[in-house]
Amino acid sequence: AFVRRHPALRAMLVTNALINAGAGVFATLIVLVALDDLGMTASGYALASGIGATGAIIGSFVAMRIRNRLGPIRTMLVGYCLLPAAALILPTAYVIPLPSVVFVAGSSFAFGLIVVTTMISSAGLRAEVTPPQLMGRATAANRFVTQGAMPLGALIAGIVGSAASNGVALLLSPLLLTLAAAAFALSPLRPHRALPDEWKHHLAA
């Protein structure tokens, strides 16, 4: 109930659930698309994945610099708005005649860079707004919803992929990520650079 009533926690819960659902779709289909639809070899996919993984590493180095410059909430907003574009890189492989490694590595790189940057930027925000006595229940509720969204996204990807095609199912990822960005942009968090003092549990009194 506390998570549902608090504007910051509610916004982060909905946004992260939609992001994880979109990530579940993407993670389920990227291997199938790369190997089956784009005709990549196993070694080529491994190379592309290795290149893509550097995005997360770079994100871990630049996240705090960006957070300090923009503020945690604005960093999250910018990142969430860029995520759909990152997820759209891979589907463009169906229509643009470039080597498949460009799309697989590029999408993985962009995804990792943005996700890690936003995760680091949001670190600690939940603790700032949650009283210590409610932290356990609030964390459990958050994890139940957000972590449960990832296998749900994978399930939806499998159903749509079987009924239509991998390419059609893959488009669900940028769609869900766009909904996540919209949910955050329309939330009470959007106008703020950082959390307002009145939302912080130790200052609310």
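Reader: How much space lies in the largest cavity?

Author: Happy to start there! The model is predicted, with local features needing pLDDT of at least 70 and side-chain atom pairs 80 or more, while totals for chains, interfaces and linings use all residues. Residues are numbered from 1 along each chain, and side-chain values use heavy atoms, without hydrogens or water. A cavity is a set of points on a 1 Å grid over the protein atoms alone where a 1.4 Å probe fits but cannot get out, and the volume, filled by probe spheres set on those points, is about 40 Å³.

Reader: Which helix gives the most to the lining of the largest cavity?

Author: Lining residues have an atom within 4 Å of a point, and here they include L9, M12 and R126. Helices are DSSP runs (H or I, at least four residues), numbered from the N terminus. Two of them, α7 (135-163) and α2, each supply at least two lining residues. With three residues, the top contributor is α2.

Reader: Is T15 buried or exposed?

Author: T15 sits in helix α2 (residues 7-37) and touches Y80, A180, A183 and F184, leaving out residues up to four places away in sequence; contact means heavy atoms within 4.5 Å. Buried means under 20% relative accessible area, exposed over 50%, and partly exposed in between (1.4 Å probe, protein chains only). T15 has a relative accessible area of 1%, so T15 is buried.

Reader: How far apart in space are T15 and F184?

Author: In sequence, 169 residues separate T15 and F184. From C-alpha to C-alpha, their distance in space is 6.0 Å.

Technical notes
On a 1 Å grid over the protein atoms alone, a cavity is a set of points where a 1.4 Å probe fits but cannot get out, and a pocket is an open set with protein on both sides within 12 Å along at least five of seven lines; lining residues have an atom within 4 Å of a point.
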